[in-house]
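Open the model in your viewer and keep the selection tool at hand. The tour goes from stop to stop, saying what to select and what is found there.

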Amino acid sequence: MPGRIPAPHIEYAQLAPTLIVLGAAVVGVLIEAFLPRRSRYYAQLLLSVVALAAAFAAVIGLAAGGFGSAKAHIAAMGAIAVDGPALFLQGTILLVSLIAVFTFAERRLDPAAHGNRVDSFAAQAAAVPGGKAEQAAVKAGFTTTEVFPIVLFAIGGMLVFPAANDLLTLFIALEVFSLPLYILCALARRQRLLSQESAVKYFLLGAFSSAFLLFGVALLYGYAGTVTYSGIAEVISDGAKQIDPALAGTMGNDVLLLIGSALVVMGLLFKVGAVPFHMWTPDVYQGAPTPVTGFMAAATKVAAFGALLRLLYVVLPGLRWDWRPVMWGVAILTMLGGAIVAITQTDIKRMLAYSSIAHAGFILAGVIATSENGISSVLFYLGAYSFVTLGAFAVVTLVRDAGGEATQLSKWAGLGRRSPLVAAVFAIFLLAFAGIPLTSGFTGKFAVFKAAAESGAGWLVVVGVLSSVIAAFFYIRVIVLMFFNEPKAEGPTVAVPSPLTTTAIAFGVVVTLVLGLAPQYFLHLAGQASVFIR
């Protein structure tokens, strides 16, 4: 019939991981609305764990069904790619998020408030810090259980972000996972004002980066007459064969292509935390609740690098000679900037923030390789780094004094004598960050540097190795502080966590050691998942 709107064709089974997570988030909102307050915590935790486990099983099922290789294709009417890199990154995000939810649910580290166990999040997020409403909420033993559906919405956006196959889907996914993160950063139970300040900084700078990305999308649409990745790549390689009359004055204009590409890449580099788009990172990592910091540092990096890889390898391979020199400069600044500034930090969370900036530079070395080995090395590095980061921030939540978490480095002196096990576990994570052999960090760095060297980026590898040596100084300095300094009489104590945080830390240690001692299977898995569908 003329004028009839055709129904969209959606492959629901292939979008199952994302749909499960977003569906669970909606159910979580209903739980907050209708379930009694005393029952919400257990219901939300059970729902989140089951949903993430089911979504991860769905990713495994799709990979086993060949959707990561032979059956890879574009789903949801061209909006979502179902291929090897997308499934690998989605699986990593889901597994990291599942472990992160355990740290969100921890309720044994803080002393009980008025007979009620409390977690890391504000008793009543909408209350003025220190006001009567907050005091009443603390006295009543309230907990902010809505963090569980909020984090599920963030995870849903992260699952779409690296799989997005057009620029509008990319932007929508960016907003879907960014807005919940802005909220989560403001919900710290202690140091409420610092937490809210970090959230405002993150929101304002994130709004700027979103505006840059959206303006870039508009310019690329003006250049190509389409927002689909394949359509833009085709116009770049073959020129505008069919000119849209409405865009006849702009299609094929290389100025729009170059400026638009730069703005979109700029928006993604902000999420990655690369220099010079990194200024939000230390403040937000320090002010946010530590479970949120760990989740954000691990999962956001995986999603953002996945989206950056797809953009550069699928949309802009024809501009390789234009964007590669720029990315060289960004990678060098990021590696050196993160490593050098981290030396001056006196707060453990800020130190780990600058460490994450340096690691973003190391991962960019693999991105610059522009080869299948480069893609597989980046995928492996993201998987290895995310679990080390999550484990390290989980350990930070255990070291406490009267004011909550003891994040000042000076307070960690002698921790190895006060609590040898916790200090030894943290030392393993620090050695992995430093890239010491027999840890996952060494395998990941070796893989990205090898891929970069094979692609002709030898000088970049030299800078990367020098940055690693600089970074090793401040990691080993913390180990020396813990094991070779006398503990202070008024020093912090190490809280005994519940099985939830214990599981998160143990999982991080196991992954760190397994990927360091026997990485071949996982390198092979990343190699099989290194081909983008175009």
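## Stop one: a loop between two strands

Select Met 77, which sits in the loop between β1 and β2. This is a predicted model, and the residue numbers count from 1 along the chain as its sequence is written. The phi angle of Met 77 is near 55°, a positive value in a residue other than glycine. Is Met 77 buried or exposed? Met 77 counts as exposed because its relative accessibility is 61%, and the cut-off for exposed is over 50%.

Ala 76 has a relative accessibility of 13%, so it counts as buried; buried means under 20%.

## Stop two: two helices side by side

Select residues 147-160, helix α5, and residues 290-315, helix α11. The two helices pack at an angle of about 25°, and their axes are 10 Å apart. α5 and α11 are therefore roughly parallel to each other, since angles under 35 degrees count as roughly parallel.

## Stop three: a cis peptide bond

Move to Val 275 and Pro 276 and display the backbone. The peptide bond joining Val 275 and Pro 276 is cis, with omega about 10°. Pro 276 belongs to the loop between α9 (254-272) and α10 (280-287).

## Stop four: a nonpolar surface patch

Helices α19 (499-517) and α20 (520-528) each supply at least two residues of the patch. Which helix gives the most to the patch? It is α20, with three residues.

End on Leu 525, found in helix α20. Leu 525 has a relative accessible area of 32%, so it is partly exposed. Patches are made of residues with over 30% relative accessible area, and Leu 525 has 32%.

How values were computed: Predicted model: local features only at pLDDT ≥ 70, side-chain atom pairs only at ≥ 80, totals over all residues. Heavy atoms only, no water. Helix = DSSP H or I, 4+ residues; strand = E, 2+ residues; numbered from the N terminus. Buried < 20%, exposed > 50% of the residue type's maximum accessible area, 1.4 Å probe, protein only. Axes fitted to C-alpha atoms, helices over the stretch in contact; angles between N-to-C directions. Parallel < 35°, antiparallel > 145°, perpendicular 65-115°, else oblique.
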